[in-house]
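Here are my notes for a colleague who is new to reading protein models. Please keep the sequence and the structure open while you go through the numbered points.

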Amino acid sequence: GRVWRGLATAITVPVIASGVVSVFSLYNPAGSTANLELISADLGIVLATTVVNSVNLYTQFGIGSNTSIPTSQTVGTPVNAIPGAGGVNQGKFLTAATHVGTPTLTAILATFGAVTSSGDNPVHYEFDGTIILPPASIASICMSTAAGTASGLALGICWCEWPL
């Protein structure tokens with residue numbers, strides 16, 4: 001019951017920038033009693049037209065003060081990895097979060113080398129315990145240099161919550 005998933009489809013992922021409004025984030029609030037271990041990320045192209053760039057995971061740590069927490073949060077619905085199980089999760093899966101400042105590049109999840117994609121090219125990225133989100137941190141998926149003009153990606157993230 002400690003493993004959770006956040007899922008979204010047909011979304012336009014924004015370009016990384018200061019004050020970026022992320023559409024896919026995992027936030028561990030300052031008052032959390034758990035570390036969030038990222039397990040995996042999934043990415044699917046659901047639009048034939050892409051833009052040459054990369055899809056990356058960006059993070060911010062130590063964001064406990066009121067001036068640096070993500071603003072305009074929209075909480076999504078995380079799903080417990082045990083089908084039908086309930087439970088209360090510590091991590092907040094966000095479908096909108098306005099960052100204060102610019103998050104730091106932490107992992108390159110996928111790249112697009114062409115402006116059109118006719119193949120089914122899903123990506124499954126294993127973090128292998130390399131990224132832990134302690135309380136007062138956030139991870140967001142953003143594009144590196146450009147965004148498509150229409151909804152084009154399906155995204156998923158899986159994490160485990162470990163008590164402090």
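1. Q60 counts as buried because its relative accessibility is 11%, where buried means under 20% relative accessible area, exposed means over 50% and partly exposed lies in between, with a 1.4 Å probe and protein chains only. Q60 is found in strand β5; strands (E, at least two residues) and helices (H or I, at least four residues) are DSSP runs numbered from the N terminus. The side chain of Q60 makes a polar contact with the side chain of H99 at 2.6 Å. Such a contact is a pair of N or O atoms within 3.5 Å, and within protein one atom must be able to donate a hydrogen and the other to accept it, while residues adjacent in sequence count only if both atoms are side-chain atoms. Leaving out residues up to four places away in sequence, Q60 touches H99, V100, G101, T102, P103, A136, S137 and I138, contact being defined as heavy atoms within 4.5 Å.

2. A word on the basis of these notes: this is a predicted model, in which local features need pLDDT of at least 70 and side-chain atom pairs count only at pLDDT 80 or more, while totals for chains, interfaces and linings use all residues. Residues are numbered from 1 along each chain as its sequence is written, and side-chain values use heavy atoms, with hydrogens and water left out.

3. The protein chain has 0 helices and 13 strands. Buried residues make up 43% of its 164 residues, and of the contacts with a separation of 6 or more, 88% are between residues 24 or more positions apart.

4. S54 also lies in strand β5, which covers residues 53-61, and S54 counts as buried because its relative accessibility is 11%. The side chain of S54 makes a polar contact with the side chain of N56 at 3.0 Å. Not counting residues up to four places away in sequence, S54 touches I108, A110, T111, C142, M143 and S144.

5. How many of the residues of strand β12 are buried? In β12 (residues 137-143), 7 of 7 residues are buried; S137, A139, I141 and M143 point one way, whereas I138, S140 and C142 point the other way. Strands count as paired if DSSP finds at least two bridges between them. β12 runs antiparallel to β3, with 4 bridges joining the two, and antiparallel to β5, with 7 bridges. S25 stands opposite S140 in β12, and L57 stands opposite I141 in β12.

6. In soluble globular proteins, nonpolar side chains tend to be buried together. A nonpolar core is here a set of buried Ala, Val, Leu, Ile, Met, Phe, Trp, Tyr and Cys residues joined through side-chain atoms within 4.5 Å. The largest one has 27 residues, among which L38 and L57 touch the most other members. At least two residues of this core come from each of β1 (3-11), β4 (34-45), β5, β9, β12 and β13 (153-163). A second, separate core of 5 residues includes I63, L94, A97 and I138.

7. Which aromatic rings pair, and how are they placed? The search of the whole structure finds 2 aromatic pairs, a pair being rings of Phe, Tyr and Trp (its six-membered ring) with centres within 6.5 Å; planes under 30 degrees apart count as stacked, over 60 as edge-to-face and the rest as tilted. One of them joins F24 and F93 edge-to-face, at 5.1 Å centre to centre and 70° between the planes. F24 lies in the loop between β2 (21-22) and β3 (25-28) and F93 in strand β8 (residues 92-98), so the pair ties together parts that are 69 residues apart in sequence. Both F24 and F93 are buried.

8. The count of disulfides is 0, where a disulfide is a pair of cysteine sulfur atoms within 2.5 Å. C158 is buried, with a relative accessible area of 4%, and C160 counts as buried at 7% relative accessibility.
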